[in-house]
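Please look through the sequence and the structure before reading on.

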Amino acid sequence: MGLFILRRLGVMILTSICLTFIVFFMTNLYPNLEKLAKTQGNFRMSDAEVTSFLGRNGYLDPLPVKYAQWLGVLPGWTVEVSDGMRGRCVTGTVTPEAMAEAPRFCGILQGNWGYSTVFRGDVGEIISTRLGLTAKLMFWVMVLMVPSALLLGVLAGMREGSRTDRTLSTFAITTTATPEYVSGVILIAVFASSAVGLRWFNGTATGAMDNATFNNFFLPVLTIALYGMGYIARMTRASMAEVMTAQYIRTARLKGVKFSDIVMKHALRNALIAPFTVIMLQFPWLLNGVVIVETLFNYKGFGWTLVQAAGNNDIELLLGVSVVSVIVVLVTQLISDIGYVYLNPRISVS
Amino acid sequence: MDPLGWGEIITRILIQFTPVWIALGLTFGLSIAFKRRLGLYGKLFDSVIGMFGFALVMFWVYTAVFGGAFGWIVTHDTLSQISGLKNKVPGSPVPDAGANGLYPYYLMGGDNLARDVFSRMIVGAWEVMKIAPFATLFAFMVGITLGLPAGYYGGRLDTFLSFLANLILAFPVILLFYLLVTPEIVVTGIPVYMAGVLFLFPIIFLTILFNSRFFTQPARRNIYLVVTLVVGLWIYLGIAWNADPLGLISFPPNLLVVFVAVVFVNSPTVFRIVRGLAMDIKTRDYVAAAQTRGEGPWYIMLWEILPNARGPLIVDFCLRIGYTTILLGTLGFFGLGLSPESPDWGSTINEGRKLLSIYLHPAVPPAMALLSLVLGLNLLADGLREESLRD
C-alpha cells in the first residue's frame with residue numbers, strides 16, 4: 001500500500017511539472033507577452049517599448065531558464081536599469097546593496113508563488129483567499145448534492161422499472177443534460193428576475209462573499225449541485241439495482257424481512273461503494289461548474305480568479321491556479337482509489 | 001399594430017416549423033413501417049424513451065439543415081437590426097414590415113441589439129450541427145487509433161499513452177480553452193500544428209483499416225488505399241493547412257481553433273474507453289482464434305475487437321455529441337473563439353444574461369434549445385443502451 005501511494009505521488013509530481021510547463025509555455029509565447037506588456041503599460045506601445053518593458057521585467061530569458069526560476073531551482077533574474085536594479089526577488093527598482101541582501105532563489109520551492117499582474121498582489125495570498133471563498137461554496141454544494149443524489153438513486157434503484165424509477169431517472173438525465181450556464185440562466189430567470197416577479201432569491205452572489213444568506217447563496221449552490229447530482233444519482237441507481245438482484249437480498253426477502261429493512265440494512269452499504277468513487281471523481285468536474293457559476297453569479301472565488309488570470313494573461317497567477325487545480329484533481333483520484341480498496345475488500349491495489 | 005398574444009405566437013412558431021414537422025413525420029413513418037429490417041436503429045422504435053430522444057435530436061437536425069443551410073424557417077436576417085425593436089417582448093410587430101417585405105413580427109422578441117431572437121436561435125442550431133458531430137467523430141478516430149494498440153499491446157506504449165491522456169484530463173477544461181482559443185495563440189500558429197497532427201488520425205485509421213483487411217487482395221486494396229489517400233490528403237491539406245491545391249476547401253481560422261480544442265479535449269476520454277474495451281475483449285476466444293489463424297495485430301484490433309466493442313461506443317458517441325455541444329456552449333459563454341455576433345447558443349446566452357433580471361426573452365430560448373438537444377441525445381443514448389443490451 002505504501003509503495004502504491006509513493007508511486008502515485010511520483011506520477012502526481014511528474015504530471016504537475018508537465019502541466020505547469022505547458023501552461024508556462026503557452027502563456028510565455030511572444031504574442032501573449034506582447035498583450036501582457038500592452039495591458040500593463042499602455043495599448044499604444046511601439047514594438048521597441050514592448051521589448052524594453054519585457055526586458056526590464058525579466059520576460060525575455062529563455063523559456064527553460066524562466067521556468068526553473070519560477071520553480072526555484074535557478075537564481076531569480078536581475079537586470080540593471082538606469083536608476084538601480086530590478087529582480088525577480090525584489091519589488092520595483094532597488095539599489096544594488098538591497099539587491100545583494102535579497103534572497104537569490106525565489107520560486108515556489110521557496111514558498112514564493114510570484115506576483116499577480118492583474119490584482120497587483122502576492123499570488124499565494126490571492127489564491128488562498130479565493131480558495132477559501134470557493135471552499136465555502138463547495139461545502140454547501142456537497143451538503144446539498146450528495147444526500148439528495150444518493151436518496152434519488154436509492155429510491156430509483158430500489159424497484160427497477162417501476163414508475164418511481166422512470167420518473168426519477170428522467171429527472172436525473174435532465175439534470176445531467178443541463179450545463180450550469182443553462183440551468184443558471186433558467187433559475188435566475190424564474191426566481192430572481194423582475195420579469196417573472198417571484199424575486200425569491202438574489203441574481204448575484206457578490207454579497208455572499210462576506211455574508212452568505214439563504215437568499216443570496218442558494219441559487220449558485222443549486223446550479224452547481226444540479227449538474228453533478230444527476231450523474232451520481234444514475235450511478236447509485238445502477239449499483240442499487242444490481243445489489244437488489246443479488247442472492248442474499250433474495251434470501252432476506254424469503255426469510256420475510258421487511259422491505260424497508262432490506263434496503264436500509266442489507267442493500268445500502270454495498271450499493272454505496274460505486275457512488276463513493278463517482279463522488280470523488282466529480283470534484284474535477286465541479287471545478288468547471290465553479291468557474292461558470294462564479295462568473296454567472298459574480299462570486300469572486302477561485303473560478304472567477306481563473307477567468308480573470310486567463311483573460312489577462314497573468315502568468316504567475318495562472319500557474320498558481322493550475323497547480324492548485326491539478327493537485328485537486330490528482331488528490332481526489334488518489335483518495336477515490338484508496339477508498340475503493342478499503343470499501344471493497346475484493347479489489348487489491350496491485 | 002398590437003403585439004401578438006401567446007396563443008398566436010405559438011401557432012405562428014409551429015407554422016414556421018412546417019418543413020421540420022413534415023420531415024419528422026416522414027422519418028418516423030418510414031422507420032416504424034420498416035423497423036424489423038433496420039437492425040439496432042429499428043429496435044430504437046421499440047423503446048418510448050429512445051423514440052422521444054430521437055425525435056428531439058432529429059427535430060434539431062432538421063431545424064439546423066432547413067433553417068441554417070436552406071434559410072427556410074428563419075423569419076429575419078440574423079444580423080440585421082431593426083430600430084425600435086431593442087429588447088422588445090415576444091410577438092412585437094415589425095414597423096413597416098409590409099413595405100420592406102419583412103416578416104411582420106419578432107416571434108420571440110428582439111435582443112439587446114434589436115435582432116430577432118427566434119431566427120438567431122434557429123441559425124444557432126446550424127452552428128452546433130456544423131461542428132459538434134464532426135468534432136466528436138474526429139475525437140473518436142483519434143481515441144480509437146491510439147486506444148486499440150494501448151489496450152491490445154499494453155506495456156510501455158500503454159503506460160506512455162495513458163500518462164498523456166491523464167495529463168490532458170487533469171487540465172480544467174476551461175483553463176485549456178482559455179490557453180488555446182485566443183487570438184494571440186492563433187497568431188503563433190499552434191492550433192494549425194495541432195490540427196495538422198489531429199486531422200492525420202482519420203487518414204491513418206482508414207488506411208490501416210483497409211490495408212489490414214485486404215492486403216491479401218492487392219488489386220482491391222490498392223484501389224481503396226489510393227481513394228482514401230487522395231481524398232483524405234486533399235481534405236487534410238484544405239482544412240488543416242488551408243493549402244488545398246485546387247482552392248476548393250478551406251476552413252475559417254477561428255472555427256479551426258474551436259474545432260481543434262474540442263477534439264483535443266474529447267479524445268483522451270474516448271481513448272480511455274476504447275483502451276478499457278480492448279483490454280476486456282482481447283481475452284475472448286475469437287481473438288485467440290484469430291491469433292492462432294495467424295492474423296496480424298491490426299487485423300485483430302480493427303476487424304475483431306472494434307466491431308465487438310461497437311455497442312458501448314455507439315452509446316458513448318451519442319452522449320459525447322451532447323457533451324461537445326455543452327463544450328461549444330461553454331466556449332461561447334466565455335466569449336472564446338467564435339465572433340461576438342455569431343448566433344451560436346453559447347454566445348447568445350452570454351449576451352442575454354447581462355440583462356437577465358429585466359429581459360428574459362433573449363437568453364431563455366437558446367438556453368432551452370441547448371437543453372432540449374442535449375437531453376434528446378442523452379435519452380437517445382439511453383434508449384440505444386437498453387435496446388442493445390436486450391439481445
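A residue is called buried when 20 or more other C-beta atoms, placed from the backbone, lie within 10 Å of its own, exposed when there are 12 or fewer, and partly exposed in between. The model is a predicted one, in which local features need pLDDT of at least 70 and side-chain atom pairs count only at pLDDT 80 or more, while totals for chains, interfaces and linings use all residues. Residues are numbered from 1 along each chain as its sequence is written, and chains are lettered from A and ligands numbered from 1 in the order in which they are written.

- In H1(A), the buried residues are Leu19(A), Thr20(A), Val23(A), Phe24(A), Met26(A) and Thr27(A), helices being DSSP runs of H or I with at least four residues, numbered from the N terminus.
- These buried residues of H1(A) pack against H2, H4 (63–71) and H14 of chain A, together with H7 (155–170) and H8 (173–180) of chain B, where contact requires C-beta atoms, placed from the backbone, within 7 Å.
- Glu49(A), which is found in helix H3 (residues 47–56) of chain A, counts as partly exposed because it has 14 C-beta neighbours inside 10 Å.

**Helix pairs in chain A**
- The axes of H9 (residues 214–244) and H12 (residues 273–297) of chain A come within 9 Å and cross at roughly 160°, which makes H9(A) roughly antiparallel to H12(A), a term for angles over 145 degrees.
- Axes here are lines fitted to C-alpha atoms, for helices over the stretch in contact, and angles run from 0 to 180 degrees between N-to-C directions.
- Among the residues that meet in this pair are Tyr227(A) and Tyr231(A) of H9(A) and Trp285(A) and Leu286(A) of H12(A), and the residues of the contact divide into 16 nonpolar, 6 polar and no charged.
- In that division Ala, Val, Leu, Ile, Met, Phe, Trp, Tyr, Cys and Pro count as nonpolar, Asp, Glu, Lys and Arg as charged, and the others, Gly among them, as polar.
- H6 (residues 123–158) of chain A packs with H14(A) at an angle of about 45°, their axes being 10 Å apart.

**Contact between chains**
- In the contact between the chains, 38 residues of chain A touch 36 residues of chain B, and H8(A) gives the largest share of the chain A side, 6 residues.
- That side of chain A divides into 26 nonpolar, 11 polar and 1 charged residues.

Technical notes: Helices (H or I, at least four residues) and strands (E, at least two) are DSSP runs, numbered from the N terminus. Angles under 35 degrees count as roughly parallel, over 145 as roughly antiparallel, 65 to 115 as roughly perpendicular and the rest as oblique. Two residues are in contact if their C-beta atoms, placed from the backbone, lie within 7 Å.
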